[in-house]
Amino acid sequence: MSILIAVVTLSVIAALFGLLLGYASIKFRVEGDPVVEKIDALLPQTQCGQCSFPGCRPYAEAIASGEAPINLCPPGGETTMLALADLLGVEPVALDDEHDTEPTKTVVVIDEQTCIGCTLCIQACPVDAILGAAKQMHTVIADECTGCNLCIPPCPVDCIHITPVKVEPDTWRWPLPEQNFAAPRA
Amino acid sequence: MTEYAIILISTIWVNNFVLVKFLGLCPFMGVSRKLETAMGMALATTFVLTLSSVCSYLVNEYILAPLDLVYLRTIMFILVIAVVVQFTEMVVHKTSPLLYNVLGIFLPLITTNCAVLGVALLNVQEQHGFLQSAFYGFGASMGFSLVLVLFAGLRERIAVTDVPDVFQGNAIALITAGIMSLAFMGFVGLVN
C-alpha cells in the first residue's frame, strides 16, 4: 500500500511540475529580435561556422547588433550578401577573400563539334590529359585533368569549357592536409 | 538572531561547502578561470541555492513527512530543484533580459550541482526549520561565492606566472585549492 502512495505521489507531483513548466514555456515565451529572425531566415542554415560564429543564428545576432560585417558567409556567397545588404539597407561589400567560396574542383571539356584539331591545347596541357591528333577531334580525359585551365588560352576557336566536377562517392577524396610551411628564410 | 548569524558564519567559513565539505568542486575548478565568469556563477549559485533549500524544505515538510515518504527525498529534491531552476530561468528570461544575460547560461548548469542537492539534504539531516533552511542555503552559497571568487582571482594571477612545466594548468590549480582548503581549516572550532 505504502509503495502505491509513493508511486502516486511522485507521479502526481511530476505531472504537476510538467504542466507548470509547459504552461510557463507558453506564458513566458520570449519573442526573439525580429531583425535577427529575418537575417537568420536569409542565411543558408548550414551551421558551418566559417563566419567564425558558432552557427547561423549567432552570426545573425552579430549582424543585427552591428558587430559583424555581412560578407562572412561562404555558403551563401554573393546572393546572401546582396540579400542581407538589401534587408539592412547597407552597401553591398565584396566577399572576404578568406571567406570566399571554396574553389570547387573543375575539369575542362572540349566541345567536339567546334574543335578543329589544332593540337595547341595538347601542347599546353601539363599532364597530358588531352587526347587527339592533328586535324582530328580532341577530347579531355576527365580523370587526368587537374583543372588548371592552361589549355583554354591557346584554343583558337574557344571550344574548351570549364565544368565543375560533381562529387560522388567514387570521386570523393580525403582532403589534403593543410600545408603551413614557413616562408623560406632569406 | 544570533542563531542565524552563527549559521551564516558556520556555512561561510567553518563548514565551507567547497573547501571543507568538498561539494560543488566541478564549478569550482571549471568556472574559476576568469574573475568575471566566476562572479556570474557565484551570483547564480547564491540565487539557486537559497531558493532550492527553501523549496526542498517545504516539499519535505509538507509533502514527504506527512505521507511518510521521506525515503523519496533524493529523487524528489532533484525533481523540485530542476523544476524551480527551469521555471526561474524562463521567468527571468521574460522579465529581465539584463539579469538573464548575467545569469542565463549558468542557471541550468547549477541544477545538476552536488552542492545544491547537498544543501537540501543537509537541511533535512540537521532538522532545520524554514528560516534556518533559508539561511543555511544562503550561507552555503555565500561561502561558495567567496571561495570561487578568491580562487578565480588567484588563478588569474597564476596564469601569468612562471609555473614549472609539470605543474602547469589544472595541476597548479588543484594545489592552490588544497592550500586554500588548509587555510580554511584554521576556522575549525570557531563555531560548530
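The second largest cavity here has a volume of about 60 Å³. Keep in mind that we're looking at a predicted model. In all, the structure holds 3 cavities of 30 Å³ or more.

So what lines the second largest cavity? From chain A, the lining takes in Val108(A), Cys125(A), Pro126(A), Val127(A), Ala129(A) and Ile130(A), along with Val140(A), Cys145(A), Thr146(A), Cys148(A), Asn149(A) and Cys151(A). Sorted by class, that lining comes out as 10 nonpolar and 2 polar residues, with no charged ones.

Now for the place where the two chains meet. There, 16 residues of chain A are in contact with 16 residues of chain B. About 1400 Å² is buried between chain A and chain B, and carbon and sulfur atoms give 89% of that area. On the side of chain A that touches chain B, the residues split into 11 nonpolar, 3 polar and 2 charged. Here's a quick tally of what the rules find across the interface:

| Interaction between chain A and chain B | Number found |
|---|---|
| Salt bridges | 0 |

How confident is the predictor? For the complex, the predictor gives an ipTM of 0.74 and a pTM of 0.59. Chain B has a mean pLDDT of 87, with 98% of its residues at 70 or more.

Technical notes:
Residues are numbered from 1 along each chain as its sequence is written. Chains are lettered from A and ligands numbered from 1 in the order in which they are written. This is a predicted model: local features need pLDDT of at least 70, side-chain atom pairs count only at pLDDT 80 or more; totals for chains, interfaces and linings use all residues. Side-chain values use heavy atoms; hydrogens and water are left out. Contact means heavy atoms within 4.5 Å. Buried area is the accessible area (1.4 Å probe) that two parts lose on being put together, summed over both. A salt bridge is a side-chain nitrogen of Lys or Arg within 4 Å of a carboxyl oxygen of Asp or Glu. Ala, Val, Leu, Ile, Met, Phe, Trp, Tyr, Cys and Pro count as nonpolar, Asp, Glu, Lys and Arg as charged, and the others, Gly among them, as polar. On a 1 Å grid over the protein atoms alone, a cavity is a set of points where a 1.4 Å probe fits but cannot get out, and a pocket is an open set with protein on both sides within 12 Å along at least five of seven lines; lining residues have an atom within 4 Å of a point. Grid points are joined across faces, edges and corners, and a volume is the space filled by probe spheres set on the points. pLDDT is the predictor's confidence in each residue, from 0 to 100.
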